[in-house]
Amino acid sequence: MSAIDTFTIQAETDAEETPVMPQHESLRQCVERALEKYFQTLDGQPANDLYQLVLSEVEAPLLEAVLAYTRNNQSKSAEMLGLNRGTLRKKLKQYDLL
């Protein structure tokens, strides 16, 4: 088997394992899909503190992305998020981002 054949087989294997996502999926649709999967994995088991779980799963990466976009400028980040700077700092500490 040549290196090209090996690469082709690996590429085909990788393509089979990669889930196909719609090209223009909204954030809302992503959350809905993630929650559907979450409920499927529960398999009838009770869920507790789901609201807090979803908020923490979304809020932390949101804060990280906005901080990266503003090059860690907390004042600009707070303005983009519609928060005051003190609230932003509190949330950054909460998620160990500060």
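Author: Start with contact, which means heavy atoms within 4.5 Å. Leaving aside its neighbours within four places in sequence, Gln-74 is in contact with Leu-67, Arg-85, Leu-88, Arg-89, Leu-92 and Leu-98. This is a predicted model, where local features need pLDDT of at least 70, side-chain atom pairs count only at pLDDT 80 or more, and totals for chains, interfaces and linings use all residues. Residues are numbered from 1 along each chain as its sequence is written, and side-chain values use heavy atoms, with hydrogens and water left out.

Reader: Is Gln-74 buried or exposed?

Author: Buried means under 20% relative accessible area, exposed over 50%, and partly exposed in between (1.4 Å probe, protein chains only). Gln-74 has 14% and is therefore buried.

Reader: With which side chain does the side chain of Gln-74 make a polar contact?

Author: A polar contact is a pair of N or O atoms within 3.5 Å; within protein, one must be able to donate a hydrogen and the other to accept it, and residues adjacent in sequence count only if both atoms are side-chain atoms. Here the partner is the side chain of Arg-89, at 3.0 Å.

Reader: Which residues of helix 3 are buried?

Author: Helices are DSSP runs (H or I, at least four residues), numbered from the N terminus. An α-helix has 3.6 residues a turn, so residues three or four places apart point the same way. In helix 3, the buried ones are Glu-59, Ala-60, Leu-63, Val-66 and Leu-67. Helix 4 (74-81) and helix 5 (85-94) are among what covers them. On the other side of helix 3, Glu-57, Ala-68 and Tyr-69 are exposed.

Note on methods. Helix = DSSP H or I, 4+ residues; strand = E, 2+ residues; numbered from the N terminus.
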